Amino acid sequence: EFALARQSQQGLFPVAVPELPGFAIAGASLPLQETGGDYWDAIPLPDGRFAIAIGDASGHGIAAALVMVETRTCLRALLAHADPDQVLALTNRRLREDLPAGHFVTLLLMTIDPRTRSVLYSNAGHCSGYVLDRHGELRAVLESTALPLGLEEEDNFPAGPVAILQPGDLVFLLTDGVAETTSSDGTFFDPQGALEVVRAHRHEGPQEIIESLFRALRDFSGDAVALDDITAVVIKVAATA
């Protein structure tokens, strides 16, 4: 039954990401148990934009996975009709009705217009995302703009500053399981460690970057017990976009 649950949850992740001229996208998620509360998605929109989501439900296992199923359903139903701030407000309203007290979802939701390379995002209490330029320098930080979903009767999930991606830029998104991976002596990998790996492999494709990151996490943790699901998404803009 656990194996079936894991197979069902993995089926919720994108089988194939949108094919967009000038962009390459990859994501991966490793659950702590048979199922997990992490989520990522890549969703083409009717107006030519595409949406990227990455989230983390509180808790672990099947209960957290079920929460993310509901979150995914809300996002995919609403994204064709609203911008990220409105989508998060409506999703929060639904989760507030359904989640037990004290349970919540952190979520970073962005839309990218491939024609203008403009990024519009809202971040409900999730880990910051990062935009690196072609040289690996930090261009923008996609910080939290609101509380996590499901905690409060809140309709204000403001958008962060609009970012315009440049040729050669790289967008890196992660869940806190990446930053909170620990070594055998209790040291955290932390976001800077993740950024160093991504920066070192920035000339590779998104899938190869994520594989290098997950390999670095395994090497860093050694025999330490994993504490959380880990998920990462990488978006690269072609150098000649």
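Two aromatic pairs are present in this structure, which is a predicted model. A pair of aromatic rings is described by the distance of the centres and the angle of the planes. The table gives these values for each pair.

| Pair | Centre to centre | Angle between planes | Geometry |
|---|---|---|---|
| Phenylalanine 23 and phenylalanine 50 | 5.6 Å | 75 degrees | edge-to-face |
| Phenylalanine 189 and phenylalanine 220 | 5.1 Å | 70 degrees | edge-to-face |

**The pair of phenylalanine 23 and phenylalanine 50**

Phenylalanine 23 belongs to strand 1 (residues 23–30), and phenylalanine 50 belongs to strand 3 (residues 50–57). The two positions are 27 residues apart in sequence, so the pair ties together separate parts of the chain. Phenylalanine 23 and phenylalanine 50 are both buried.

**The pair of phenylalanine 189 and phenylalanine 220**

This pair also links distant parts of the chain, 31 residues apart. Phenylalanine 189 sits in the loop between helix 4 (176–179) and helix 5 (190–200), while phenylalanine 220 is in helix 6 (residues 206–221). Are these two residues buried or partly exposed? Phenylalanine 189 has a relative accessibility of 10% and therefore counts as buried, because buried means under 20%. Phenylalanine 220, at 27% relative accessibility, counts as partly exposed.

**Arginine 72**

Helix 2 (residues 61–78) contains arginine 72. With 18% relative accessibility, arginine 72 counts as buried. From arginine 72 to leucine 30 the C-alpha to C-alpha distance is 17 Å, and the two residues are 42 residues apart in sequence.

**The chain as a whole**

The protein chain has six helices and 10 strands. Its radius of gyration is 17 Å, close to the 18 Å that the globule rule gives for 241 residues, so the chain is as compact as a globular protein of that length. The C-alpha trace spans about 50 × 45 × 30 Å along its principal axes.

Of the 241 residues in the protein chain, 51% are buried. Among contacts with a separation of 6 or more, 71% are between residues 24 or more positions apart.

The accessible surface of the protein chain is about 10,900 Å², and carbon and sulfur atoms account for 53% of that area. Which charged side chains does the protein chain have, and how far apart are the centres of the two sets? There are 16 positive and 33 negative side chains, and the centres of these sets lie 8 Å apart.

Definitions and conventions. Residues numbered from 1 in each chain as written. Predicted model: local features only at pLDDT ≥ 70, side-chain atom pairs only at ≥ 80, totals over all residues. Heavy atoms only, no water. Helix = DSSP H or I, 4+ residues; strand = E, 2+ residues; numbered from the N terminus. Rg over C-alpha atoms; globule rule 2.2 N^0.38 Å. Buried < 20%, exposed > 50% of the residue type's maximum accessible area, 1.4 Å probe, protein only. Contact = heavy atoms within 4.5 Å. Areas by Shrake-Rupley, 256 points an atom, 1.4 Å probe, with all protein chains shown as cover. Lys, Arg positive; Asp, Glu negative; His and termini not counted. Charge placed at Lys NZ, Arg CZ, Asp CG, Glu CD. Phe/Tyr/Trp six-rings, centres within 6.5 Å; stacked < 30°, edge-to-face > 60°.
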